[in-house]
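Subject: Handing over a structure

Dear colleague,

I am passing on the structure that follows, together with some notes on what was found in it. Please keep it open beside you as you read.

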Amino acid sequence: MTSSIPNSQALFDRGIDVLIEGVSSASRGPAAFGTTPRYMSHGKGTHLYDVDGNEYIDWMMAFGALPMGHAHPAIVETVTNEVARGTHFATALEVEVEVAEILCDLLPHVEKVRFANTGTEAAMAAFRLSRGLTGRRKILKFEGHYHGWSDSVLLNSNPQAPTALGHKNSPIRIPDSSGILEESWLDTLVAPWNDFEALERVMATHGKEIACVVTEGVMSNMGVILPKDGYLMRMQELCKEHGALFYLDETVTGFRLAAGGCAEIYGLTPDIVTYGKALGGGFPMACIGGPDHIMEGLEWGKVLHFGTHNAGRLPLHVTKTMLTTMLADNKANFKLIADLGQKMTAEIQSIAKSNNKHGMICQGLNSMFQIFFTDKDEITDYRDFCGHVNRIKFRDFALKLFDKGIYMNPGATLHSLSSIVHTDEEIAITAKAIAEVLDEMPA
Ligand SMILES: Cc1ncc(COP(=O)(O)O)c(C=O)c1O
């Protein structure tokens with residue numbers, strides 16, 4: 001049965017007059033939904049409630065910003081206590097030092113941090129820092145990776161027709177937006193990811209000109225794609241050999257896949273790392289981190305990073321609550337969130353095995369998973385995704401799930417996530433809904 005959404009429709013009709021596409025980011029509106037988005041009124045635990053009174057088990061969790069779910073009592077208490085003491089001072093703060101201490105104790109590759117608000121801002125500072133420190137111009141990024149919407153790296157992040165990509169040895173660089181001057185990305189090199197040979201080639205040719213090589217640890221902006229064995233380590237070694245900085249963008253994976261993110265899982269020691277999303281526990285919070293000899297580049301504005309809202313006191317208090325809750329009892333909640341995500345992934349994989357008229361597969365790691373409709377057994381890189389993933393089918397599937405009370409973002413490039421408050425029962429309900437939708441969908 002299709003759920004009734006007259007109030008969402010009325011808001012969309014009003015919104016479209018005063019907001020671009022009726023929303024504030026393309027992934028929330030008709031560009032991703034192909035139809036009227038559902039306007040949400042509130043969230044509690046794993047549940048989102050829309051303005052029409054429909055209820056959803058949320059597997060999007062604000063794109064990973066909510067490892068503890070919606071309105072977690074510890075976070076509500078923190079905000080309630082702190083908001084009455086002032087929202088933002090833009091001064092030095094005790095909580096700023098406390099959170100930085102937690103991060104530097106937890107992350108072996110981080111001796112100092114600098115707080116920012118969003119993943120995009122942290123990445124911008126990281127790119128400037130890498131260029132400032134090395135005196136080099138070039139950045140190497142990978143196809144299908146996203147590091148925020150700043151000009152110099154907004155290339156080859158969106159899916160394209162396979163014929164538009166060029167040869168993998170020299171990918172055609174495709175800006176993801178109009179309005180980006182060519183000069184801003186001329187020094188950004190693009191290579192296919194998960195391809196040892198391509199990596200060796202580009203480093204052999206350009207390694208000495210590269211300020212930093214930036215990578216997602218697990219490819220998160222084309223669903224979930226894991227790095228091949230030893231790939232990230234080889235990237236780190238090649239950076240060392242060529243004097244380029246190894247920049248691991250953990251905006252998605254940090255405080256999400258493991259307490260120490262992909263650096264912990266794959267045994268990496270990046271020169272620069274950025275975090276965002278989960279770090280803020282639902283509030284805007286991001287940071288850049290690294291060893292002293294790298295981070296000192298930001299001292300006295302040698303490499304400049306400013307921001308009125310940097311280190312906001314409310315977000316920092318929430319970050320402190322999130323970190324202490326997740327790290328308590330020997331990081332028990334990191335284990336819990338991973339177990340729940342793995343269970344959901346396994347359930348979906350088993351449905352895919354028993355009912356595969358649609359060619360559905362599910363890939364995941366710990367709390368992250370994504371469903372692909374594809375003719376392949378596995379999606380291993382961006383080119384696979386562009387050539388073999390049926391995005392329209394995923395969108396239709398996700399929209400049908402809405403009607404069964406399950407919320408996953410209809411964008412096929414975006415992944416789903418568990419939180420510490422998801423339950424086995426909700427996993428079973430979600431699995432049942434997925435099986436029903438697959439039955440109902442035309443082959
Ligand atoms: C890997 C990665 N880096 C950076 C960003 C940008 O973060 P934000 O949206 O907070 O600016 C994102 C956002 O999805 C991301 O996935």
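Leaving aside residues up to four places away in sequence, glutamine 363 touches Gly223, Val224, Ile225, Phe369, Gln370, Phe372 and Ile379, where a contact requires C-beta atoms, placed from the backbone, to lie within 7 Å. This is a predicted model, in which local features need pLDDT of at least 70 and side-chain atom pairs count only at pLDDT 80 or more, while totals for chains, interfaces and linings use all residues. Residues are numbered from 1 along each chain as its sequence is written.

Glutamine 363 belongs to strand E11; helices (H or I, at least four residues) and strands (E, at least two) are DSSP runs, numbered from the N terminus. Because it has 22 C-beta neighbours inside 10 Å, glutamine 363 counts as buried, the rule being that a residue is buried if 20 or more other C-beta atoms lie within 10 Å of its own, exposed if 12 or fewer, and partly exposed in between, with C-beta atoms placed from the backbone. From leucine 340 it is separated by 23 residues in sequence and, C-alpha to C-alpha, by 14 Å in space.

As for the strand itself, six of the six residues of E11 are buried, so E11 is largely enclosed by the rest of the structure. In a regular strand the side chains alternate between the two faces of the sheet. Here Met360, Cys362 and Gly364 point one way from E11, whereas Ile361, Gln363 and Leu365 point the other way.

E11 is part of an open sheet of three strands with the order E11-E12-E14 and antiparallel pairing, two strands being paired if DSSP finds at least two bridges between them. Strand E11 (360–365) and strand E14 (416–417) stand at the edges with a single partner strand each, so one side of each is left without a neighbour in the sheet. Six bridges join E11 to strand E12 (residues 368–373); among them, glutamine 363 has glutamine 370 as its bridge partner, and leucine 365 has methionine 368. The hairpin of E11 and E12 has two residues between the strands, and in it asparagine 366 takes a positive phi near 50°.

Finally, there is the ligand: 14 residues surround it, the closest being Thr118, Gly119, Thr120, Gly148 and Thr251, with a residue counted as near if its C-beta atom, placed from the backbone, lies within 6 Å. Helix H6 (residues 119–134) supplies the largest share of this shell, three residues.

With best wishes

Conventions
Contact = placed C-beta atoms within 7 Å.
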